Amino acid sequence: MLAQKTLKLSLKSLKEFAKKRLPDETLIELDEKDECPIDIVRDMCDPDKLGIQLLFIPEEYGGMGGGTFDVYCICEEMARIDLGIATSVLATFLGSDPITVGATPEQKKVWLGRIAEEGLLFAYGATEPEAGSDLGALRTTADRVLQDGRVVGYKINGAKQWISNGGVAGAYTVLANTPSGPSWFVVESGAKGFTHDRPEDKHGIRLSNTAALAFSDVYVDADRLIGGVEGQGLNQAQAVFGYTRLMVAAFGLGAGWAALDRAIPYSTKRIQAGSPLSEKQGYTHKLIVPHVARLEAARSYVEETAERIDAGEGSLNTEGAIAKYMATEAGNQAADASIQALGGYGYTHEYMVEKISRDVRITTIYEGTSEIMEMTISRDRWQFHLKTRGQHYHEKARELEALHARHPNVGADIAALAHHALAELLEKARVARLTRHQHILFRIGEWIAYAESAGSLARRAARTAEGKVHEKSNRRFDAPALAALSRIFAREAALKVAEEGLRWVCGAGGVSATDMPAFETSLQMSAIHRAQAGLLSDMDTVADVLYARVAKPALAA
Ligand SMILES: Cc1cc2nc3c(=O)[nH]c(=O)nc-3n(C[C@H](O)[C@H](O)[C@H](O)COP(=O)(O)OP(=O)(O)OC[C@H]3O[C@@H](n4cnc5c(N)ncnc54)[C@H](O)[C@@H]3O)c2cc1C
């Protein structure tokens, strides 16, 4: 893990690099030309220049050995600059992942060493034309090449689709089926029989090179099989999902905030009906404040998960999925609202928010779509519900009630209501066997993500009040502001869980008319409705903080 000072210095260098090399005019021009600025990407990865990739290479292989929290902070900052460039750097990280997780010490020395020393760009080749969310449908093959009965190499045949850095990388980690199952191989650019297509013409992240790859009898030596044992590929990919999804979650945070940080100052200068937009509740409370609350709820979950991974709690794949789901959905909503916040100007290239909105759109698609996240979350937590005989979320609710006793203003009581309602919904779904409906299974994933994020933001607000927040934690908001944000988000989460839960459980035929009153009572609907009291004044408070004003806004026209 990096020392706090080192992380701060790295973030500062990154900002300075971007200011010099990637001002808005350059970004707009490259976006219009649909061009990956490969020299800039190479300079970012060049150890003698910015050397950003050194952060995620372990120290023993020449890197700086950044931890999960460090990587989250760097990823957020990169996304604030440009999500296409951030994706190029991410691709090297993803490409080196199977090596970090599963390679032999010799392989690590070669490949991680080359990334550290030469700034070698990697690409991560998993997706195929017929195998996207379902990687099990993989068709690329790696056939053994034998000499005197010994495996000396492999011949790779097949195709990969949508590969970031596909046309510019120096090396590729490629998932292919061996006789013993999916396995990762390193293929260098220029290998005979290996070609890439022209860059895709994309909706967003146009500064990132994305290309299809084709393999026709591409020979690699046996030492290019990562880990030296066939059939480990899917395990090696799974082992880092928590971590890599946090990186994309950080992209959602960075891009969402980059958009809001353009909308907020804009609204202080734009005068309509005699006063700045920033003074109009109908503007701030729709287009700004709710998005800040959602992004900060997601950030809490990202930070909590990063801290736990760094503390050695394992790969935390489900937590990574919740973080990615919440942060990328919030990032998309924030960017879309920022276009609206700038009105007609927001719809033009010059003001950047439309570019950010196009760019951030990818984050709910790559590294697992939002729907696949919903499924992952739901399936995993469903097991917790079954194993605890329905008590899992009631227990989490009781922990939040205990937190509320110590910190009555951080919204933990409302987050607890969301958890209790969730437990009741899951139980009703179990009894009525509702998860046989895929839509119910996926919706459960969404409710879980909201409830758990509400709990996480309440904990962050409490820790901040106690002065015990992680030393690298984002400090944009002080304890009272975080408490107000937490109450706002907890109200949204509780209402979402209870009302949408009721809707879909009834919609799937899970409750009879006779049972309905008792079911509504079990969800504590009326307590959740009562908890909405104070919402508007909390939003006023957050708007005051965002616009650095003390007094409450006057009622605007
Ligand atoms: C710009 C870009 C860069 C990328 N970079 C890389 C990269 O570097 N390396 C790499 O390997 N891949 C990369 N990808 C691929 C990306 O990870 C996949 O696009 C993604 O996993 C989704 O796969 P798919 O596109 O085949 O969509 P599909 O899996 O066909 O999904 C289409 C839709 O169906 C939904 N869906 C899928 N399965 C189910 C199901 N079982 N039940 C219900 N709904 C379902 C999805 O949520 C989605 O909404 C990139 C993609 C893009 C667009």
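This is a predicted model: local features need pLDDT of at least 70, side-chain atom pairs count only at pLDDT 80 or more; totals for chains, interfaces and linings use all residues.
**Notebook: the ligand and its shell**

I started with the shell around the ligand, and its largest share, three residues, comes from E3.

Then I sorted the shell by class. I got ten nonpolar, seven polar and three charged residues.

Which residues come nearest to the ligand? Of the 20 around it, they are Tyr124, Thr127, Ser133, Thr369 and Glu371.

Thr127 uses its side chain instead, with a polar atom 2.7 Å from a ligand nitrogen. For Thr369, a side-chain N or O atom is 2.7 Å from an oxygen atom of the ligand. On its own the ligand has 970 Å² of accessible area, and the protein covers 67% of that.

Where does the ligand sit? I found it in the largest pocket.

Last entry, on aromatic rings. I searched the whole structure and found 13 aromatic pairs. One of them is Phe69 with Tyr72: the ring centres are 5.2 Å apart and the planes stand at 75°, so I noted the pair as edge-to-face. Both residues belong to helix H4 (residues 68-81), and because they are three residues apart there, about one helical turn separates them.

How values were computed: Residues are numbered from 1 along each chain as its sequence is written. Side-chain values use heavy atoms; hydrogens and water are left out. A residue is near a molecule or strand if one of its heavy atoms lies within 4 Å of it. A polar contact is a pair of N or O atoms within 3.5 Å; within protein, one must be able to donate a hydrogen and the other to accept it, and residues adjacent in sequence count only if both atoms are side-chain atoms. Accessible areas come from the Shrake-Rupley method with a 1.4 Å probe; for residues, only the protein chains shown count as cover. On a 1 Å grid over the protein atoms alone, a cavity is a set of points where a 1.4 Å probe fits but cannot get out, and a pocket is an open set with protein on both sides within 12 Å along at least five of seven lines; lining residues have an atom within 4 Å of a point. A molecule sits in a cavity or pocket if more than half of its atoms lie within 2 Å of its grid points. Helices (H or I, at least four residues) and strands (E, at least two) are DSSP runs, numbered from the N terminus. Ala, Val, Leu, Ile, Met, Phe, Trp, Tyr, Cys and Pro count as nonpolar, Asp, Glu, Lys and Arg as charged, and the others, Gly among them, as polar. Rings of Phe, Tyr and Trp (its six-membered ring) pair if their centres lie within 6.5 Å; planes under 30 degrees apart count as stacked, over 60 as edge-to-face and the rest as tilted.
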